[in-house]
Amino acid sequence: MMKTTIYNQLVKIINENNIAIDEDIKNHTYTKLGGKADFFVTPTTYEEVQNIVKYCLEEKVPFTLIGNGSNLIVRDGGIRGIVLSLKNFDKITVSNTKIVAQSGAAIIDTSRKALDAKLTGLEFACGIPGTVGGAVYMNAGAYGGEVKDCLESILVIDKNGEMIRRKAEELDLAYRYSNIQENGDIVLEATFQLQHGNYDEIKAIMDDLTFKRESKQPLEYPSCGSVFKRPPGYFAGKLIQDSNLQGTRIGGAEVSKKHAGFIVNVDNATATDYITLIKHVQKTVKEKFGVSLEREVRIIGEELNEKSVINTNKE
């Protein structure tokens, strides 16, 4: 299908100012990696999201949902079809002990709203760089807490374009997992059930966690955060450190000298550099300790030499 045809359909659904053609994805990922998206769209209403999904289903146009790109590597060949960003959905509402946060809101901002309202339960999220939608998608967690602990329900658009509310119990939430990773749901908003707490106590916990994060993590370089899940009985960072991999570089990607669980973009790395280094770390740790490191970061998109599904020529 020609780009012109897709564009002409998209402008019937959303404002042309919310459609970018051949957008550099590296401008939308924490790692600053990735090729171009054929279309990068930023809808402003839930109905627009629904209509885009239904259009893609009917016309068999590939579409990809991204959050703020904090836990994502996009390959150098970019992404064909439509990339859907929900960055405009960033409203956070507090009602008694509940917080309703739209999927494009930062989970850090949501935890700060909880603090302002003297609500406890989201302190663990004060240093997680993702969106609410991304946090639900992977049941994000840190410092002993996870989304599963306080999530009540979510509003989604399912793979058929229908808007549905799902209870947290329906999501099969487990370590860095929800069944959204398989079923194609698009999270529009999440409702968190918290408890009344003491402002000073909540703030003290958040300040402590923020200090731990800033002092231990290599926040001075672009990265995707923790690259690997924690293997049962081990810590990924410790295994990588004990494999003498800190400082190892491929191209512009480096295993952080500050925190071995991070791979940082120190010098205009490509996605290929990053992915090759991830595989090298996995291979080395497996050989040395017999432990298979499973990626926490998502890798999507096409290799640079893969053919486009969509013709890039104008009609």
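1. The expected span of a helix is 1.5 Å times one less than its number of residues. Helix α8, residues 271-289 of this predicted model, has 19 residues and should therefore span 27 Å; its end C-alpha atoms are 27 Å apart, in agreement with that figure.

2. Buried positions in α8 are Ala271, Asp273, Tyr274, Ile275, Leu277, Ile278, Val281, Thr284 and Val285. After the helix comes Gly290, with a positive phi near 70°.

3. Helix α1 covers residues 3-13, and its buried residues are Lys3, Ile6, Leu10 and Ile13. These four lie on the same side of α1, because the arc they cover around the axis is only 80°. In general, an α-helix has 3.6 residues a turn, so residues three or four places apart point the same way. The cover over the buried residues of α1 includes strands β1 (19-24), β2 (36-41) and β5 (79-85), together with helix α2 (46-59).

4. The largest nonpolar core has 29 residues; those touching the most other members are Ile107, Leu122, Val136, Leu151, Ile154, Phe192 and Leu194. At least two residues of this core come from each of β7 (98-102), α3 (107-116), α4 (132-137), β11 (151-157) and β13 (186-193). Another core, of 25 residues, lies apart from it and includes Leu33, Ile240, Ile275 and Val285. Ile275 and Val285 are also among the buried residues of α8.

5. Which residues is Phe192 in contact with, leaving aside its neighbours within four places in sequence? They are Thr97, Lys98, Ile99, Ala101, Ile107, Thr110, Leu122, Val132, Val147, Cys150, Leu151 and Glu152. Among them, Ile107, Leu122 and Leu151 are, like Phe192, listed with the core members that touch the most others.

Definitions and conventions. Residues are numbered from 1 along each chain as its sequence is written. This is a predicted model: local features need pLDDT of at least 70, side-chain atom pairs count only at pLDDT 80 or more; totals for chains, interfaces and linings use all residues. Side-chain values use heavy atoms; hydrogens and water are left out. A nonpolar core is a set of buried Ala, Val, Leu, Ile, Met, Phe, Trp, Tyr and Cys residues joined through side-chain atoms within 4.5 Å. Buried means under 20% relative accessible area, exposed over 50%, partly exposed in between (1.4 Å probe, protein chains only). Contact means heavy atoms within 4.5 Å. The arc is that of the directions from the helix axis to the C-beta atoms.
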